[in-house]
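Please consult the sequence and the structure shown here while reading.

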Amino acid sequence: MGRVPKVTRADATAFVRNPLAFIAERWTPAPGTVQRAALAALVMSVVIVVTGGAVRLTGSGLGCPTWPKCTEDSITATSAMGMHGAIEFGNRMLTYVLCAAVGWAIIAARSQKPWRRSLTRLGWAQFWVVMGNAVLGGIVVLVGLNPYTVAAHFLLSTALIAVATVMWQRTRESDTAPRPLVGKAVQQLVWVMVVATVLLIAVGTVVTGAGPHAGDSSDVERMPLNWENVSRLHAVLAWIVVTLTFALWFVLKAVAAPKDPLDRTRDLFLVLLAQGVIGYVQYFTDLPEVLVGAHMLGSCLVWIATLRVLLSLRERPEVMADMPGPSAEAVPTRA
């Protein structure tokens with residue numbers, strides 16, 4: 001074992017005053033470490049959505065009937081609360097894992113040399129979204145799984161995924177000004193696709209709020225809408241996004257766009273097809289819980305793939321340092 005470094009009183013004071021700066025002065029992560037930290041935060045932001053869906057689909061939304069404690073008398077779930085209490089409390093505990101992943105991303109970004117303030121800010125943005133969603137999740141429980149608060153809870157998780165995706169992408173880029181790889185018309189087409197995807201996800205939360213999976217075995221309020229009509233609107237929006245993606249691929253081919261935008265558009269198209277198959281199968285099989293959970297995972301993957309298309313439309317080239325030329329003394333002369 002190596003010798004444990006002696007911690008002085010000055011070190012302890014510096015750590016308390018600014019722990020991130022203290023760590024950054026003593027540790028420089030490799031670029032790959034920063035990228036993996038950002039990816040871990042993104043993966044956990046998806047995992048928390050899927051496990052939250054499992055809570056709802058197993059009827060465990062009120063397994064812990066209050067918040068921030070699980071019951072009035074216990075912070076944790078008790079054996080008397082059964083499986084539902086364990087599932088709900090387990091999902092709450094995963095929030096701490098998500099916080100740890102986001103915290104690791106913040107520390108890695110802050111310790112990178114040179115320090116990239118933009119990355120650190122993206123990490124902190126994730127942290128505050130997580131905190132806000134934790135409070136909103138508590139409100140969801142306190143109001144008895146009101147469908148509007150449940151929808152807001154999912155949409156805020158979607159915002160978290162967006163920030164995490166951007167941070168992951170930025171860890172693989174420089175901090176130079178972005179340079180567009182396609183023309184303005186193509187960029188506008190992609191923004192229309194992004195807006196359509198946001199509408200698709202938002203209407204998906206309405207389908208959930210009006211549908212049969214209320215999240216608990218008790219009588220839970222539902223959105224006063226015709227579930228099948230909202231589902232049809234959701235399907236129409238899905239076909240619009242698929243059509244826009246298909247058109248984008250052909251446009252990129254026509255303008256001889258670089259490989260990365262084409263590859264990201266192809267990936268999005270494949271994810272959309274898989275998500276569409278799951279969506280139609282679950283609709284015609286009376287919404288089995290496993291397929292609904294897979295559809296929630298697919299929603300996250302569609303959103304990430306859409307953002308990756310948007311982010312692939314520009315590049316941030318590395319700045320090459322000017323190489324010093326040979327000095328006058330070093331240049332040979334002829335006699």
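How do the residues of the lining of the second largest cavity divide into nonpolar, polar and charged? They comprise six nonpolar, two polar and no charged residues; in this scheme Ala, Val, Leu, Ile, Met, Phe, Trp, Tyr, Cys and Pro are nonpolar, Asp, Glu, Lys and Arg are charged, and the others, Gly among them, are polar.

## Basis of the model

The model is predicted: local features need pLDDT of at least 70, side-chain atom pairs count only at pLDDT 80 or more, and totals for chains, interfaces and linings use all residues. Residues are numbered from 1 along each chain as its sequence is written, and side-chain values use heavy atoms, with hydrogens and water left out.

## Overall architecture

The protein chain has ten helices and two strands, arranged along the sequence as α-α-α-α-α-α-β-α-α-α-α-β. Helices (H or I, at least four residues) and strands (E, at least two) are DSSP runs, numbered from the N terminus. The C-alpha trace spans about 100 × 65 × 30 Å along its principal axes.

Of the 335 residues, 44% count as buried, that is, under 20% relative accessible area with a 1.4 Å probe and protein chains only. Among contacts (heavy atoms within 4.5 Å) with a separation of 6 or more, 77% join residues 24 or more positions apart.

## Cavities

Two cavities of 30 Å³ or more are present. A cavity is a set of points on a 1 Å grid over the protein atoms alone where a 1.4 Å probe fits but cannot get out, and lining residues have an atom within 4 Å of a point. Grid points are joined across faces, edges and corners, and a volume is the space filled by probe spheres set on the points.

The largest cavity has a volume of about 50 Å³. Helices H6 and H7 (184-210) each give two or more residues to its lining, which has five nonpolar, four polar and two charged residues. The second largest cavity has a volume of about 30 Å³; its lining includes Phe154, Ile201 and Trp303.

Asparagine 146 caps the N-terminal end of H6, with a side-chain oxygen 2.9 Å from the backbone nitrogen of tyrosine 148.

Glutamine 112 lies in the loop between helix H4 (82-111) and helix H5 (117-142). Glutamine 112 counts as buried because its relative accessibility is 11%. Leaving aside neighbours within four places in sequence, glutamine 112 contacts Pro29, Pro31, Val34 and Leu119.

Technical notes
Polar contact = N/O pair within 3.5 Å; in protein donor to acceptor, adjacent residues only side chain to side chain. 1 Å grid on protein atoms, 1.4 Å probe; cavity = no way out; pocket = protein on both sides within 12 Å on 5 of 7 lines; lining within 4 Å. Buried < 20%, exposed > 50% of the residue type's maximum accessible area, 1.4 Å probe, protein only.
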